[in-house]
Amino acid sequence: MLRIEDLNKKYPTGDEALKDVKLEVPKGQVMALIGPSGAGKSTLIRCVNRLVEPTKGKVFLGDLELTELSRWKLRQARRRMGMIFQEYALVERLTVMENVLSGRLGYVGFWRSWFRRFPGEDVREAYRLLDRVGLMEMADKRADELSGGQRQRVGICRALIQNPDLLLVDEPTASLDPKTSRQIMRLINELCDERSLAAIINIHDVLLAQMFSKRIVGLEQGSIVYDGPPEDLTPEVLTRIYGEENWEATIGKVEEENEEEDSTISKAAS
Amino acid sequence: MPKIDRSSGLSWRKHTTKKELTIWLYWLIGLSIVTYAWNLISEKTIWFFVQDAGTQAIDIGSRMVPPKLSYMDKLWQPVWDTINIATIGTIIALIIAVPVAFAAAKNTTPHPLIRTIALFIIVSSRSVNSLIWALILVFICGPGIFAGTIAIGLRSIGFCAKLLYEAIEEIDHNQVEAIQATGASRAQQMLYGIVPQVLPTFAGVGVYRWDINIRESTILGLVGAGGIGLQLNGSINTLAWTQVSMILLVILGTVIISEWISAKVRHAII
Ligand SMILES: Nc1ncnc2c1ncn2[C@@H]1O[C@H](COP(=O)(O)OP(=O)(O)OP(=O)(O)O)[C@@H](O)[C@H]1O
Ligand SMILES: [Mg+2]
């Protein structure tokens, strides 16, 4: 689905954020990207949808080479990539519904978006998604009236209504409490399963990464230093990624998943 | 530099002797300028007239009471004109200020050169007082409401555009990026990412400027640009002091009402 070849990014400030990164994510795979602050995780996923322009290298989405697209073609390609942000990045002064529908902006014209005249099918899909994440009654609330967990679920709806092939998720839980974090991670996982989406999830919480994904990639100073299953994250590997520390307490038993189901979040799509 | 004089025990002085002397020198220069300026004013003033200013004020004051209430019949139209000048002038200014502001803001300008032009428009509009604009416009398009309205408009463009472009520069960029990531066009990014964030400022600046313009438009009549100032000028020239006091009362009332409205509106927005 996604193929990254020898990706390099050097910021004008001189920071070499990515060095020859090679990565392939097949269809339907949820991949967790871990690494210390400043390792280049955000840069990596931003180079995929070119919110940040890579300095060198190629990125393919399916057969489409994203890195050579013109502005106009890039806009069309971005519709196939949903993005979820750490601080939710909802438009605070718009309603929940407007925020969700803004995920369709790539498909509707300027005047339609000006007058908020989205196609009926888009609106129905928006309601379906809001219902799916348990925010049906919140549709007409303003985004800044919601709690962090609720906002992130709106952010997820906005990404999914694009009907993407790939999700780019930048630290979805960094501003949330542990329980909400798990709920959000579980939700993203379920939704990816339902739609067989590929996803890259940047995450700081190693335990959460182990719980929710089958593949973990470790990035350190712009280079991939680990790529494998969560079980193989040994203290030695973590030291390679993050540096020296006592890791025994951090590494979880991968089996202890699915202990308590949250009723509103995990209810099956109806 | 602080200096420690050890011979007489520990003493502390904020400034060195040299610096102290400089400070005294500056004081001396400053005082000389004030004295010189005072002499200049004194020479150009006919003190004989100033001496009886008190009695004159009391004299005019006494001639002003009671205000000529019946004159109100002739004031409704000029008051209406004044309000129209302010309102239409503000609307014109806002319509022009919006594109100027987007061109002047660092994060939305299409080109640095266009930014320079926009900033130049802002500065030139702000540096000319509306009374001077009116004076020029009365020459160009003849006396009357039209000249007044355009004068108010020209003067307000800079004010509105400046406050607006500062607000545009201070928006949360993440919200715009999130919209960009959906594949939205640049126009749509503005519509969904930027406009909602600056709309409150826009409305606030609009009513604030309208409130200022009501006050400014009351004097435009002095140079023949329409509004209640015309009556004021005429009444002063004919020494009709009871009419003058009536006009001043009406202006006071109008300003109080406009301020009340603008406070209400701004309160409602925030
Ligand atoms: N806009 C930018 N301009 C210049 N340098 C940048 C910019 N963004 C990131 N960098 C640099 O690139 C490097 C990688 O940053 P990046 O944000 O990708 O790291 P990260 O792994 O996402 O970190 P975190 O976990 O803290 O989010 C850092 O050294 C950072 O200083
Ligand atoms: Mg980051």
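Begin with the shell around ligand 1, whose residues divide into four nonpolar, seven polar and three charged. In this grouping Ala, Val, Leu, Ile, Met, Phe, Trp, Tyr, Cys and Pro count as nonpolar, Asp, Glu, Lys and Arg as charged, and the others, Gly among them, as polar. This is a predicted model, in which local features need pLDDT of at least 70 and side-chain atom pairs count only at pLDDT 80 or more, while totals for chains, interfaces and linings use all residues. Residues are numbered from 1 along each chain as its sequence is written, chains are lettered from A and ligands numbered from 1 in the order in which they are written, and side-chain values use heavy atoms, with hydrogens and water left out.

**Ligand 1**

Select the 14 residues around ligand 1; Ser37(A), Gly38(A), Lys41(A), Ser42(A) and Thr43(A) come nearest. A residue is near a molecule if one of its heavy atoms lies within 4 Å of it. Helix H1 (residues 41–48) of chain A gives the largest share of this shell, three residues. Helices here are DSSP runs (H or I, at least four residues), numbered from the N terminus.

Next, display the polar contacts, that is, pairs of N or O atoms within 3.5 Å. Oxygen atoms of ligand 1 lie 2.7 Å from a polar side-chain atom of Lys41(A) and 2.6 Å from one of Ser42(A). At Ala39(A), a polar backbone atom is 3.2 Å from an oxygen atom of ligand 1. Taken alone, ligand 1 exposes 630 Å², of which the protein buries 64%; accessible areas come from the Shrake-Rupley method with a 1.4 Å probe.

**Domains of chain B**

Colour chain B by domain: domain 1 covers 8–50 and domain 2 covers 74–269. These bounds come from an automatic or database domain assignment. The C-alpha centres of the two domains of chain B lie 42 Å apart.

**The largest pocket**

Now select Arg71(A), Arg78(A), Gln180(B), Arg186(B) and Gln189(B), which lie nearest the centre of the largest pocket among its 21 lining residues. Two or more lining residues come from each of helix H2 (71–78) of chain A and helices H8 (173–181) and H9 (186–217) of chain B. H2(A) gives the most, with five residues. The space amounts to about 560 Å³, and its lining divides into eight nonpolar, six polar and seven charged residues.

On a 1 Å grid over the protein atoms alone, a pocket is an open set of points with protein on both sides within 12 Å along at least five of seven lines, whereas a cavity is a set where a 1.4 Å probe fits but cannot get out; lining residues have an atom within 4 Å of a point. Grid points are joined across faces, edges and corners, and a volume is the space filled by probe spheres set on the points.

**The second largest pocket**

Which helix gives the most to the lining of the second largest pocket? Select H9(B), which supplies six residues. Residues lining this pocket include Phe110(A), Trp114(A), Phe102(B) and Met190(B). Its volume is about 230 Å³, and the lining holds eleven nonpolar residues, no polar ones and one charged.

**The second largest cavity**

Finally, select Val79(B), Thr82(B), Thr218(B), Ile228(B), Val250(B), Ile251(B) and Thr254(B), which line the second largest cavity. H4 and helix H11 (241–269) of chain B each give two or more residues to this lining. The space here is about 30 Å³.

Terms used:
A polar contact is a pair of N or O atoms within 3.5 Å; within protein, one must be able to donate a hydrogen and the other to accept it, and residues adjacent in sequence count only if both atoms are side-chain atoms.
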